[in-house]
Every structure is written in structure tokens, then in C-alpha cells.
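Trainee: I would like to learn how to read a structure like this one. Could you take me through some of its features?

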Amino acid sequence: MSARLSDSLLERLIDDAAVFPPGSAPLPDAVAAHLARTAYRHFVGPLLVAATAADRVLDLAGEAPIEVGLIARPGMPIEPVREGVIACIGTPVLVSGVEVGARSAWRTLDDLGVTITVGIPREGFDESLDEVAAAAHDYALAGGPDIQAKFRTGATDVWAWPDEAELARFIHGCVARRLPFKLTGGLHHVIRADRVDGPQHGLLNVLTAVDAAAAGAMPDQIAACLAERSTTPLADVLLGMTGEEVAEVRAVFRAYGCCTVTDPIGELVELGLLKEEH
């Protein structure tokens, strides 16, 4: 392939989740690598860290400016989230967002002035999406913080891998509600495949699926995009997108967490869809 994807389609799309499984990098290594990254920097968002690690990031970063997102996984207390954001105010550590579970008291964080990302559970799925979407619209009208949903695309010990139909339902649900979202886990490769460690969705599949949803596709059509295992038809769609279509996709699909951000980028470079950087 000789044509390349629009930089706008990938701008700050990949959040650096190096410290989370399966990468599980030690925090000092993750901070150092994030600060040292120059190649493809414009495609990488904040470094994601546990909310309880905010103080350590402050020490490790020193005087170097660094952008982070503070994470409290579902079931964890959210008090460290507030404490972490406050601790970083006036320091080189910029907290651009926090991520918490839908069953936490996440609305109490609306005074912090950062984006709030709410993880959507499987049980009570539609009710959670409705609640988060209503809050997002209310806050937008009132000048409050950005609110977005989050869904896990990769399997864990307590979270089974969501198939194409389930992920399509989430994407369709967010687009229908005009609710921005991010994804987490599992999007290490650009094409849907069954790999040694289990099935994985592909980044090109997700981008194409969101484009289809934004154009009015129904869940079964969105699922078909997610199920495609050939690069060419997906790349053809994405390469043919107008600037307006790219903006529509990124208005809803804000970012996703990846523990090795160079993996999907490297595959896109190998396919000729991105220019190689050093």
C-alpha cells in the first residue's frame, strides 16, 4: 500500500498503558520511556497510571512536564483519584483525565476540571450508558467536565473477551447516544485475529466500525466490520475518508489504552499506512 492514513485519524489515539497488564512495566521504566519518546509522539496520549501512584509520578518526573491519566479500576475507591489530581495541581504533572467504574461515585469528581471516563459494566449495560450519556449532555450544556464511556476489549481473569456482536453493541450504543468513548485492553494489533493468547480485535476494524456507526449502520453491520480479517477492505475505507468523516469518527472514538504503543504503530508502518519516524 502506498497511500497513508490521515494523521488526524490517529492523533493522540493511543494512550500509554505500559504499567498495566500484560505489559506491566515498572513505573520508573514507564515514566522514563514516555518522557523519552519522540517518534510517533503525536499519536500517543497520556501515560495511564493507577491513581494511587500519582505521588510517585511526581517524584519520577522531576521537572519534566508529563501528561497522565489517573485510573481507579471498578470496585476500587475513588478517593485516591481526587487526591491524585489535587496533588498534581501546580506541578509539571498534568492530569488530563481520570477513569473510574460506573458504580463508583464518579459524579463527585466533576469539580476537578478533568475529563471523566466511566467504565461500562456488562450487567446493567444500557442503564449505565444512559446515565453516562445524560451526564455528558448535562455537563456539556452547563460548561462542566467532558464525560465519556469506556469498554474493555481484551480478556482478563474476570472479564471474558467481548465478541464482535458485543463490541458492536457498545459502539452503536455510544454513537446513538452521542456519547464519546474510549476502549481499553486488547487492541495491540491492527487486524482482528485469533492469536496464541486468545482472540483479539483489530484497530483498523474498530476505526472502520466507528465510521460505519457514524454513518448510521446497525449493530450487525458494525459487527461485520469488526469481524473482517483482511487488511485491504478496511484500509480502503479509511483511506477514502473525508476530513469531515475523520472528525466524526474521532469525535466519538477518543482514545484507547495500549500497554505497548509501538505495536499497532509498527504494524501500520509495515503496511505502508504510516510514514516511518525515528
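Mentor: Gladly, and let us begin with burial: a residue is buried under 20% relative accessible area, exposed over 50%, and partly exposed in between, with a 1.4 Å probe and protein chains only. Keep in mind that this is a predicted model, where local features need pLDDT of at least 70, side-chain atom pairs count only at pLDDT 80 or more, and totals for chains, interfaces and linings use all residues. Residues are numbered from 1 along each chain as its sequence is written, and side-chain values use heavy atoms, with hydrogens and water left out.

Trainee: And how are helices and strands named?

Mentor: Both are DSSP runs numbered from the N terminus: helices are H or I with at least four residues, strands are E with at least two.

Trainee: Which residues of α3 are buried?

Mentor: A54, V57 and A61 are buried in α3. To see how they are placed, take the directions from the helix axis to the C-beta atoms; the arc is the arc of those directions. The three cover an arc of only 55 degrees around the axis, so they sit on the same side of α3. On the other side of α3, D55 and D59 are exposed.

Trainee: How do I read a charged patch?

Mentor: Patches are made of residues with over 30% relative accessible area and no salt bridge; like charges are joined within 9 Å, and nonpolar side chains (Val, Leu, Ile, Met, Phe, Trp, Tyr) within 5 Å. Accessible areas come from the Shrake-Rupley method with a 1.4 Å probe, and for residues only the protein chains shown count as cover. Lys and Arg count as positive, Asp and Glu as negative, while His and the chain ends are not counted. The place of a charge is NZ of Lys, CZ of Arg, CG of Asp or CD of Glu.

Trainee: Which residues gather in the patch of negative charge here?

Mentor: On the surface, D55, D59, E79 and E83 make up that negative patch. The elements giving two or more residues to this patch are α3 (54-61) and α4 (79-88). E79 belongs to helix α4, and counts as partly exposed at 48% relative accessibility.

Trainee: What should I look for in salt bridges?

Mentor: Side chains of opposite charge can pair when their charged atoms come close. The rule asks for a side-chain nitrogen of Lys or Arg within 4 Å of a carboxyl oxygen of Asp or Glu. By this rule the count is 14 salt bridges.

Trainee: Which residue forms a salt bridge with R12?

Mentor: The partner of R12 is E67, with the closest N and O atoms 2.7 Å apart. This pair links distant parts of the chain, 55 residues apart: R12 in the loop between α1 and β1, E67 in strand β3. R12 is partly exposed, at 38% relative accessible area, whereas E67 is buried, at 18%.

Trainee: What about R37 and D16?

Mentor: Their side chains meet in a salt bridge of 3.3 Å, N to O. R37 lies in the loop between α2 and β2 (44-50) and D16 in strand β1, so the pair ties together parts 21 residues apart in sequence. Both R37 and D16 are buried.

Trainee: Where do R122 and E166 lie?

Mentor: These two form a salt bridge, with the closest N and O atoms 2.7 Å apart. R122 is in the loop between β5 (115-119) and α5 (125-142) and E166 is in helix α6, so the pair ties together parts 44 residues apart in sequence. R122 is partly exposed, with a relative accessible area of 30%, and E166 is partly exposed too, with 24%. Salt bridges that share partners also join D15, E99, K150 and K182 into one network.

Trainee: How do I spot backbone features?

Mentor: Most residues other than glycine have a negative phi, and most peptide bonds are trans. R12 is not a glycine, although its phi is positive, about 55 degrees. R178 is likewise a residue other than glycine with a positive phi, near 55 degrees. R178 lies in the loop between α6 (164-176) and β7 (181-184), and is exposed, with a relative accessible area of 63%.

Trainee: Is the peptide bond from P21 to P22 cis or trans?

Mentor: That bond is cis, with omega near 5 degrees. P22 sits in the loop between β1 (14-16) and α2 (27-36).
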